[in-house]
Amino acid sequence: MKAELECAVCLLERGRREILKATKDQVLRARAMKRILRIVSNKFGPEAVPAYIGTLRDRAIKQLTGSDPYKGERHQSNQIALKLLPRAESIIERSKTGYERFKRACMIAIAGNIIEFDVLGHDFNFEELDKIVFEMRLAIDHTRQIYELTKKAKQILFLLDNAGEIAFDTLLVKELQNLGSKVTVAVKDAPILNDATMNDAKEVGMHRIANELMTIGTDSIGLIIKDTSQQFRKKLSQADLLIAKGMAHYETITELKLKMPVAYLFRAKCYPVAHSVGVARDSNVALLKKP
């Protein structure tokens, strides 16, 4: 997905908010802001991919401050999502058919994608999460097509997005396994934004559920193939189906030519992503793209 003008503003504003969280040192804050101004100025353009620039921005902030700004938020998100998990699981258990179970698991996983910090114009509080999980609608609903592919897939690679929502993703992983697939779950190798790391995945029990739990080998926003590990790239090449959570995975994976179908599950929290998908902002999306 290519950047729109609004992306430049968001990249800078999100960087500003991260810097404020990362350090109280005013001199260091100024240095970090000057660095990200240069990054955005040099990299932004009509062919730019927002998540690529965001990755450079966040790596620069980490390098300069030595801080993980979202450590507390990730832990808090995990704990609150875990408290909601039994109720979400009960919604799935009341399903009457296999497809209904699968669709509800997808919807719950997408609902968790509202947990996102410092996106320009996107606000949420945890009190809203319960309502959204159980009252949401899908603006794009390819769950039937994804379900049929899942029944045939032997190997599924599942790319997680944010901490917190990964607790809900455990329910979808179980449904994929019930349909006969082996599911490899991948997280980020090091902290970046509030994206899930191996520690987060273990905190919500994903290591006890997934057939395999691994990292992508890097700390990118979304998926930047050239930065990933050889082990991850091998696993990607073996997958019959790729399931990708979150906007950043949509931004980056749509720039790739993959040999397998990709199921995107996310909430369109900003206008550029919503425009690209063809939905209204804050819409929930279950989108299947075939090679």
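Helix H1 supplies 5 residues to the lining of the largest cavity, the largest share. The model is a predicted one. The cavity itself holds about 330 Å³ of space. A total of 23 residues line this cavity, and Cys10, Arg14, Pro50, Met247 and Glu251 are the closest to its centre. Two or more lining residues come from each of helix H1 (5-22), helix H3 (50-65) and helix H11 (247-253). By class, the lining has 12 nonpolar, 8 charged and 3 polar residues.

Rolling a probe the size of a water molecule over the atoms shows where empty space is left. In this model the count of cavities of 30 Å³ or more is 2. The second largest cavity has a volume of about 60 Å³. Its lining consists of Glu18, Asp58, Lys62, Asp68, Pro69, Tyr70, Pro191, Ile192 and Leu193. Of these residues, 5 are nonpolar and 4 are charged, with no polar residue in the set.

Glutamate 18 belongs to helix H1. Its relative accessibility is 3%, so glutamate 18 counts as buried. Beyond its neighbours within four places in sequence, glutamate 18 is in contact with Arg57, Asp58, Ile61, Pro69, Tyr70 and Leu193.

Leucine 193 sits in the loop between strand E3 (182-187) and helix H9 (198-203). This leucine is also buried, because its relative accessible area of 5% falls under the 20% cut-off. The backbone of leucine 193 has a positive phi, near 50°, in a residue other than glycine. Most residues other than glycine have a negative phi.

A positive phi also occurs at aspartate 282, where the value is near 70°. Aspartate 282 lies in the loop between helix H12 (271-277) and strand E7 (284-289). With 35% relative accessibility, aspartate 282 counts as partly exposed. Leucine 193, by contrast, is buried.

Open space was considered next. The largest pocket contains about 200 Å³. Lys43, Ala48, Val49, Tyr52, Ile53, Thr55, Leu56, Arg59, Ile224, Ile225, Lys226 and Asp227 line this pocket. Helix H3 gives 5 residues, the largest share of the pocket lining. The lining divides into 7 nonpolar, 4 charged and 1 polar residue. Helix H3 also gives two or more residues to the lining of the largest cavity.

Threonine 55 is one of the pocket-lining residues. Its place is in helix H3. Threonine 55 has a relative accessibility of 1% and therefore counts as buried. Not counting residues up to four places away in sequence, threonine 55 touches Ile192, Ser220, Ile221 and Ile224. One of these partners, Ile224, lines the largest pocket. The C-alpha atom of threonine 55 is separated by 10 Å from that of alanine 248, although the two residues are 193 apart along the chain.

Helix packing was examined for H4 and H8. Two packed helices are described by the angle between their axes and the distance between the axes. The axes of H4 and helix H8 (residues 165-178) come within 8 Å and cross at roughly 35°. On the H4 side, the contact involves Asn78, Ala81, Leu82, Leu84, Leu85, Ala88, Glu89 and Ile92. On the H8 side, the residues are Ile166, Ala167, Phe168, Thr170, Leu171, Lys174 and Glu175. The residues of this contact comprise 10 nonpolar, 3 charged and 2 polar.

Glutamine 79 is also in helix H4 (residues 71-93). At 32% relative accessibility, glutamine 79 counts as partly exposed. The side chain of glutamine 79 makes a polar contact of 2.7 Å with the side chain of glutamate 203.

Methods: Residues are numbered from 1 along each chain as its sequence is written. This is a predicted model: local features need pLDDT of at least 70, side-chain atom pairs count only at pLDDT 80 or more; totals for chains, interfaces and linings use all residues. Side-chain values use heavy atoms; hydrogens and water are left out. On a 1 Å grid over the protein atoms alone, a cavity is a set of points where a 1.4 Å probe fits but cannot get out, and a pocket is an open set with protein on both sides within 12 Å along at least five of seven lines; lining residues have an atom within 4 Å of a point. Grid points are joined across faces, edges and corners, and a volume is the space filled by probe spheres set on the points. Helices (H or I, at least four residues) and strands (E, at least two) are DSSP runs, numbered from the N terminus. Ala, Val, Leu, Ile, Met, Phe, Trp, Tyr, Cys and Pro count as nonpolar, Asp, Glu, Lys and Arg as charged, and the others, Gly among them, as polar. Buried means under 20% relative accessible area, exposed over 50%, partly exposed in between (1.4 Å probe, protein chains only). Contact means heavy atoms within 4.5 Å. A polar contact is a pair of N or O atoms within 3.5 Å; within protein, one must be able to donate a hydrogen and the other to accept it, and residues adjacent in sequence count only if both atoms are side-chain atoms. Axes are lines fitted to C-alpha atoms, for helices over the stretch in contact, and angles run from 0 to 180 degrees between N-to-C directions.
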